[in-house]
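User: I have a chain open here and would like a quick walk through it. Can we go piece by piece?

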Amino acid sequence: MPVAQPPAHRPVIAPLAPQRYKVQFTANAETHEKLLRAQELLRSQIPDGDVGEIVDRALTALLNNLTKRKFAATERPRESGPDRSRGKRGTVPRSRHIPAEVKRTVWARDGGQCAFVAHDGWRCTERAFLEFHHVVPHCAGGEATVENMELRCRAHNGFEAEMFFGRRNYRPRGTDGDVSVMTSSNRSGPS
Ligand SMILES: [Zn+2]
């Protein structure tokens, strides 16, 4: 009796054992061709052409690429010159600009994850839609230094701005209204 197959277009990611996953998806001819090409080019390093190993390398390259673009995490950081009216710590005083080297260091230190820690020690696990958060807000004199910057997801960045400025006065950039979705505690209330 044949085992029921999942719909072909739906990817399957199923844990088989601790640290082992079965990943199944449908590839088009182009993707298949790329895979064969990668197998050929990696033949000396991956003799058996293991697809899992090749996909792992492809994803590593993709993530490096995305990280570089998003957080300016270049392999060879440019030195901040002493000129151009920069402060001692590589920042432009009173500027909202966050130097690329600060972004890169903060992102690496926080592990590409929201660094919000609740009172009970729980740390947010969000890795998408991250923003650079001023611990001491810019308008309160906080500078764009490694010490004063942390990664935050959108919810926690807005949440902490609200905590600092008070809900009534806080208006996120680019919006006219108040912040309606911040935390689970105020999500239920009217906005
Ligand atoms: Zn968060």
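User: Where does glutamine 19 lie?
Analyst: This is a predicted model, so take what follows as computed from it. Glutamine 19 lies in the loop between strand S1 (12-17) and strand S2 (20-24).

User: In what sense do S1 and S2 pair?
Analyst: Antiparallel, over 5 bridges. One of the bridge pairs is alanine 14 with lysine 22 in S2. The hairpin of S1 and S2 has 2 residues between the strands.

User: How many residues of S2 are buried?
Analyst: The number is 0, out of 5 residues, so S2 lies largely in the open.

User: Zoom out for a second. How many helices and strands does the chain have?
Analyst: There are 5 helices and 4 strands. Along the sequence they follow the pattern β-β-α-α-α-β-β-α-α.

User: What share of the chain counts as buried?
Analyst: 13% of the 191 residues. As for contacts between residues at least 6 apart in sequence, 43% join residues at least 24 apart.

User: Now H1. How many of its residues are buried?
Analyst: The count is 0 among its 13 residues, and H1 is hardly covered. Its length agrees with expectation, because 13 residues at 1.5 Å a residue should span 18 Å, and the end C-alpha atoms are 18 Å apart.

User: What about glutamine 39, which residues does it touch?
Analyst: Glutamine 39 touches Gly49 and Ile54, leaving aside residues up to four places away in sequence. Glutamine 39 also lies in helix H1. The C-alpha atoms of glutamine 39 and glycine 49 are separated by 5.2 Å, with the two residues 10 apart along the chain.

User: Why does glutamine 39 count as partly exposed?
Analyst: Because it has 16 C-beta neighbours inside 10 Å. Buried takes 20 or more, and exposed takes 12 or fewer.

User: OK, the core. Which residues make up the largest nonpolar core?
Analyst: There are 11: Ile98, Val102, Val106, Trp107, Cys114, Phe116, Leu130, Ala144, Met149, Leu151 and Cys153. H3 and strand S4 (149-153) each supply at least two residues of this core. In soluble globular proteins, nonpolar side chains tend to be buried together.

User: Which residues of H3 are buried?
Analyst: Val102, Val106 and Trp107 are buried in H3. They cover an arc of only 125 degrees around the axis, which puts them on the same side of H3. An α-helix has 3.6 residues a turn, so residues three or four places apart point the same way.

User: What comes just after H3?
Analyst: Glycine 111, with a positive phi of about 65 degrees. Further along, phenylalanine 129 is in the loop between helix H3 (100-109) and strand S3 (130-134). Phi of phenylalanine 129 is positive too, near 55 degrees. Phenylalanine 129 is exposed, because it has 11 other C-beta atoms within 10 Å.

User: Last topic, confidence. What does the pLDDT average over the chain?
Analyst: The average is 77, and 69% of the residues score at least 70. Over residues 81-88 the pLDDT is below 50, and that stretch has 6 contacts beyond near neighbours in sequence.

User: Where is confidence lowest and where is it highest?
Analyst: It is lowest in helix H5 (residues 184-187), at a mean of 38, and highest in S4, at 95. Residues 170-191 stay under 50, and the model has 19 contacts for them beyond four places in sequence. Where pLDDT is low, the predicted coordinates should not be read in detail.

Terms used
Residues are numbered from 1 along each chain as its sequence is written. This is a predicted model: local features need pLDDT of at least 70, side-chain atom pairs count only at pLDDT 80 or more; totals for chains, interfaces and linings use all residues. The arc is that of the directions from the helix axis to the C-beta atoms. Two residues are in contact if their C-beta atoms, placed from the backbone, lie within 7 Å. A nonpolar core is a set of buried Ala, Val, Leu, Ile, Met, Phe, Trp, Tyr and Cys residues joined through C-beta atoms within 7 Å. Two strands pair if DSSP finds at least two bridges between them. The expected span of a helix is 1.5 Å times one less than its number of residues. pLDDT is the predictor's confidence in each residue, from 0 to 100.
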